[in-house]
Amino acid sequence: MDLFLQRLFDGLTNGSAYALIAVALVLIFKATTLINFAQGEQAMLGAFIVLQLWNWGLPMWIAVITGMLISGLLAGGLERAIIRRFDPADHLPLVIITLGLFLVLNAVAAIIWRYDPLAFPQLFPHGSALTIGNARLSWYSIFAFGSCILVLLLLHVLLNKTKIGLSFRAVSSNLESSRLCGIKVGPTLQFGWALAAAAGTFGASIYAANPVLQIEPSIMLRALIFSITAAALGGLDSLWGALLGGLTIGFIQSVLVQYIPFIPNEMTLAATVAVLLIVLTFRPSGFLGTKAVERV
Amino acid sequence: MTNVLLKAENLTATYGQVEILHGISFEVYGNEIAVILGANGAGKTTTIRALSGMIDTTGTITFNKEDISQLEPDSIVRKGVAHVPQGRGTFPELTVEDNLRVGAFIRSDKEVESDIQNCYDTYPVLFERRSQSAGSLSGGEQQMLAVSRALMSRPELLLLDEPSLGLAPQIVEALFERFLIMNKDHGTTMLIVEQNAQIALGMADRGYVLEAGEIAVEGQASSLINDEAIIRAYLGG
Ligand SMILES: Nc1ncnc2c1ncn2[C@@H]1O[C@H](COP(=O)(O)OP(=O)(O)O)[C@@H](O)[C@H]1O
Ligand SMILES: [Mg+2]
């Protein structure tokens, strides 16, 4: 029982981090129906920027917020300099570009910070908040989950209650009509890229702040795959779906795989993909995705 | 009728190597309803898209005596031209009310809310469905929403691309009656492109007939309605 609880808690912790990266993926997907494969590496780079700012003496939370702003600006620049040159309706070149960015960003981080794991600032209090038998729910888990909810609420308000959010949703829904209504499509998509990068940087910072992890350039590789699965599970265009998807993946990883003896640990990824296939077979638009999202 | 609101001169449009519009000229006077009639593929949509800056064209388009030929769509709306595209062009994932708000995107005055109310008063069904996604509306309701959305920008000129397409005759009739009321009550100038010559000429002041990218006939709607060639081609005479 204790072990089961402990695994649930672990699932919550990992799931929250996956959810945050998944949210970033969802933002880009909503805007462009594109999976940004570089999202994890943008987030990793953002987290390194946070680390660097912290090393230079900024208080850790100021470093996180500044890091989010910087990575948002970088992503906005990337959108303007590279992505906008391509026809948004033609996905293959764009997918190849995001894969290329993935490699470039990874290399950049490796050149600057090397492959040695570095300690990331402990964003949250140490120790356990709750002990039930031998199972411990750490403060880290609680705060990771709490910040995930907070980010989702903020994004929810931003997208649903503000004018820039309205224009973002309009562009996601109908590009041509958005232009006819006076929306500048380019800057709106750029805003989406910036927002996604900031959310991703936050997610990677939370992930790297896990007391059992250290930051190194390949930290997001595994997380990205789980996050893409999480986003797909949630429906690809739903923020709250990303949370559900992230938590589901977290629980599959820490609970399901542990209790089904014939799934070896190394097969965690395969198990999550299997669950994804099963869910999408019965609910093609995921947990909370818009049914048959049509785009031109 | 001397105040020219919109003037298109020698407009050409090309897709790839194929020229679709071969230097057409027409004008729309302030407060009138003008129609451009044409069969499928005549170039009606191309013409109206050229006016709102959605495609590259050569020739000149002047609106309120200002050259708008080179402007981007988002600037053209701000000048006072609203465009209801063929196939309604609503935002299917957004609620009905959000569709109206997007329509008012270029505005920041205090009267947006009361204009939304006016849309609801005009079309109570939109009020009933204000929190539903636009994609769940029927074709007729979508067209009401599309027109309302365009009016939310408070345009001086409303461009309508085949509003009757795919709608039942009674719905088309109600829709066009409403256009007439808007025109009479608010003085909204309209340019409607249509295949349905009967209903369009019935309410319009003036008309043009577009054939394979060229203006074939033009004149007062009342005289076009009796024109032999038009009766043969469009009115099933
Ligand atoms: N995007 C496009 N690319 C190539 N040809 C097009 C495109 N859109 C329209 N056309 C062609 O241009 C001509 C005029 O089309 P259109 O303006 O849509 O006519 P209408 O609205 O009168 O039916 C047609 O022959 C059509 O096939
Ligand atoms: Mg057409």
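Which residues of strand 3 of chain B are buried on one side, and which on the other? B:Ile33, B:Val35 and B:Leu37 lie on one side and B:Ala34, B:Ile36 and B:Gly38 on the other, so that both faces of the strand are covered, where buried means under 20% relative accessible area, exposed over 50% and partly exposed in between, with a 1.4 Å probe and protein chains only.

This is a predicted model, in which local features need pLDDT of at least 70 and side-chain atom pairs count only at pLDDT 80 or more, while totals for chains, interfaces and linings use all residues. Residues are numbered from 1 along each chain as its sequence is written, chains are lettered from A and ligands numbered from 1 in the order in which they are written, and side-chain values use heavy atoms, with hydrogens and water left out.

**Strand 3 and its partners**

Strand 3 of chain B spans residues 33-38, and six of its six residues are buried; strands (E, at least two residues) and helices (H or I, at least four) are DSSP runs numbered from the N terminus. It pairs in the parallel sense with strand 8 (residues 189-194) of chain B over five bridges, pairing being assigned if DSSP finds at least two bridges between two strands. Strand 9 (residues 206-211) of chain B also runs parallel to strand 3, joined to it by five bridges. Within these pairings, B:Ile33 stands opposite B:Met190 in strand 8, and B:Ile36 stands opposite B:Tyr208 in strand 9.

**Ligand 1**

The table gives polar contacts, that is, pairs of N or O atoms within 3.5 Å.

| Residue | Atom of the residue | Distance to an oxygen atom of ligand 1 |
|---|---|---|
| B:Gly41 | polar backbone atom | 2.7 Å |
| B:Gly43 | polar backbone atom | 3.0 Å |
| B:Thr46 | N or O atom in the side chain | 2.5 Å |

The protein covers 56% of the 560 Å² of accessible area that ligand 1 has on its own, areas being computed by the Shrake-Rupley method with a 1.4 Å probe.

**The magnesium ion**

The magnesium ion (ligand 2) is coordinated at 2.0 Å by B:Thr45, through OG1, and by B:Gln86, through OE1. This pair links distant parts of the chain, 41 residues apart, with B:Thr45 in helix 1 (residues 44-51) of chain B and B:Gln86 in the loop between strand 6 (81-84) and helix 3 (96-103) of chain B. Donors are N, O and S atoms within 2.8 Å of the metal (3.2 Å for Na, K and Ca), and because water is not among the atoms, sites may look incomplete. B:Thr45 is partly exposed, with a relative accessible area of 25%, and B:Gln86 is likewise partly exposed, at 37%.

Terms used. Polar contact = N/O pair within 3.5 Å; in protein donor to acceptor, adjacent residues only side chain to side chain.
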